[in-house]
Amino acid sequence: MDYLRGNRDFLIGYINARLPQIKTAEPEGTYLAWLDCRELGMDNDSLEGFMLEKAGLWVNQGYSFGSGGEGFVRMNIGCPRSTLEKALRRLDTAISSL
């Protein structure tokens with residue numbers, strides 16, 4: 001649980017410091033983080049393609065959970081910190097290229 005809290009805190013800190021286009025709510029009692037990507041201005045298909053092809057991330061697409069999830073992705077943070085760091089750096093690089 002401590003490790004997951006550390007990953008959660010790392011994710012939130014990284015996003016707040018480096019990715020102002022992404023918003024996240026603090027996950028409570030889970031290892032799945034919801035990222036609000038609506039400020040990127042992409043429709044569902046574009047966001048899905050961007051995450052997979054540009055960022056190299058396989059995340060759950062929010063729209064698959066219903067219309068309220070459009071523009072969101074769900075990221076699993078129950079992983080080694082180095083994996084999370086690598087994923088966030090990929091996302092950072094992909095967003096910087098927009």
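Biologist: How many helices and strands are there in the protein?

Modeller: This is a predicted model, in which local features need pLDDT of at least 70 and side-chain atom pairs count only at pLDDT 80 or more, while totals for chains, interfaces and linings use all residues. Residues are numbered from 1 along each chain as its sequence is written, and side-chain values use heavy atoms, with hydrogens and water left out. Helices (H or I, at least four residues) and strands (E, at least two) are DSSP runs, numbered from the N terminus. The protein has three helices and four strands, and their order along the sequence is α-β-β-α-β-β-α.

Biologist: What is the radius of gyration of the protein, and what does the globule rule give?

Modeller: The radius of gyration is taken over C-alpha atoms, and the globule rule is 2.2 Å times the number of residues to the power 0.38. Here the radius of gyration is 13 Å, close to the 13 Å that the rule gives for 98 residues, so the protein is as compact as a globular protein of that length. The C-alpha trace spans about 35 × 30 × 20 Å along its principal axes.

Biologist: What share of the residues is buried?

Modeller: Buried means under 20% relative accessible area, exposed means over 50%, and partly exposed lies in between (1.4 Å probe, protein chains only). Of the 98 residues in the protein, 40% are buried.

Biologist: How many aromatic pairs are there?

Modeller: Rings of Phe, Tyr and Trp (its six-membered ring) pair if their centres lie within 6.5 Å; planes under 30 degrees apart count as stacked, over 60 as edge-to-face and the rest as tilted. The count by this rule is two aromatic pairs. One of them is the tilted pair of Phe10 and Tyr14, with 6.0 Å from centre to centre and 40° between the planes. Both residues lie in helix H1 (residues 2–18), four residues apart, about one turn of the helix. Phe10 is partly exposed because its relative accessibility is 25%, whereas Tyr14, at 13%, counts as buried.

Biologist: Why is the pair of Trp34 and Phe65 edge-to-face?

Modeller: The ring centres of Trp34 and Phe65 are 5.2 Å apart and the planes stand at 75°, so the pair is edge-to-face. Trp34 lies in strand E2 (residues 32–36) and Phe65 in the loop between strand E3 (60–61) and E4, so the pair ties together parts that are 31 residues apart in sequence. Trp34 is partly exposed at 33% relative accessibility, and Phe65 is partly exposed at 45%.

Biologist: Where does the charged end of Arg81 sit?

Modeller: A charge sits over a ring if NZ of Lys or CZ of Arg is within 6 Å of the ring centre and within 35 degrees of the ring normal. The charged end of Arg81 sits over the ring of Tyr3, 5.1 Å from the ring centre.

Biologist: Which residues lie nearest the centre of the largest pocket?

Modeller: On a 1 Å grid over the protein atoms alone, a pocket is an open set of points where a 1.4 Å probe fits, with protein on both sides within 12 Å along at least five of seven lines; lining residues have an atom within 4 Å of a point. The largest pocket is lined by 14 residues, and Leu57, Trp58, Asn76, Thr83 and Ala87 lie nearest its centre. Helix H3 (81–96) and strand E4 (72–76) each supply at least two lining residues, with the largest share, five residues, coming from H3.
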